[in-house]
Amino acid sequence: MTASGHAGFAPAGQDIVCAGISALCFAAAEYLTQMHDWGKLEQEPVILLESGTIRLSCMPKEIALEEAEHVFRMLEIGCRLIAESYPNNVTVADAT
């Protein structure tokens, strides 16, 4: 999953749209980290959390494939819900 850019709904530090997307991404990143700690990933997850750029990916072991899919599905659903409320500030694209 990759997120890039800024929502532009309000000034930095006051942007509720950015905060919503960021909170979802930070929660997913923490869960992926815990999955690694629990031995459910083949290797450490890729987690990049910088201003304007977020990247999350992982290689789950077969026993945790469904769990990892659920993490990314939850993240997608949350981002789509925010995009529905703030279509001028968030766009969700399907992976290609």
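Is arginine 73 buried, exposed or partly exposed, and what is its relative accessible area? Arginine 73 is partly exposed, with a relative accessible area of 45%, where buried means under 20% relative accessible area, exposed over 50%, and partly exposed in between (1.4 Å probe, protein chains only). The model is a predicted one, in which local features need pLDDT of at least 70 and side-chain atom pairs count only at pLDDT 80 or more, while totals for chains, interfaces and linings use all residues. Residues are numbered from 1 along each chain as its sequence is written, and side-chain values use heavy atoms, with hydrogens and water left out.

**Salt bridges**

- A search of the whole structure finds four salt bridges, a salt bridge being a side-chain nitrogen of Lys or Arg within 4 Å of a carboxyl oxygen of Asp or Glu.
- One of them joins lysine 40 to glutamate 67, at 2.7 Å from N to O; lysine 40 lies in the loop between H1 and E2 and glutamate 67 in helix H2, so the pair ties together parts that are 27 residues apart in sequence.
- Lysine 40 is partly exposed, with a relative accessible area of 25%, and glutamate 67 is also partly exposed, at 21%.
- Helices (H or I, at least four residues) and strands (E, at least two) are DSSP runs, numbered from the N terminus.

- Arg73, Glu76, Arg80 and Asp94 are linked in a network of salt bridges.
- Aspartate 94 and arginine 80 meet through their side chains at 2.5 Å, N to O; because aspartate 94 lies in the segment after H2 and arginine 80 in helix H2, the pair ties together parts that are 14 residues apart in sequence.
- Aspartate 94 is exposed, with a relative accessible area of 57%, whereas arginine 80 is partly exposed at 29%, as is glutamate 76 at 27%.

**The largest pocket**

- The largest pocket is lined by 30 residues, of which Met1, Thr2, Ala3, Ser4 and Ile21 lie nearest its centre.
- Elements that give two or more residues to this lining are strand E1 (2–4), helix H1 (16–37), strand E2 (46–50), strand E3 (53–57) and helix H2 (65–85), and the largest share, five residues, comes from H2.
- A pocket is, on a 1 Å grid over the protein atoms alone, an open set of points where a 1.4 Å probe fits, with protein on both sides within 12 Å along at least five of seven lines, and lining residues have an atom within 4 Å of a point.
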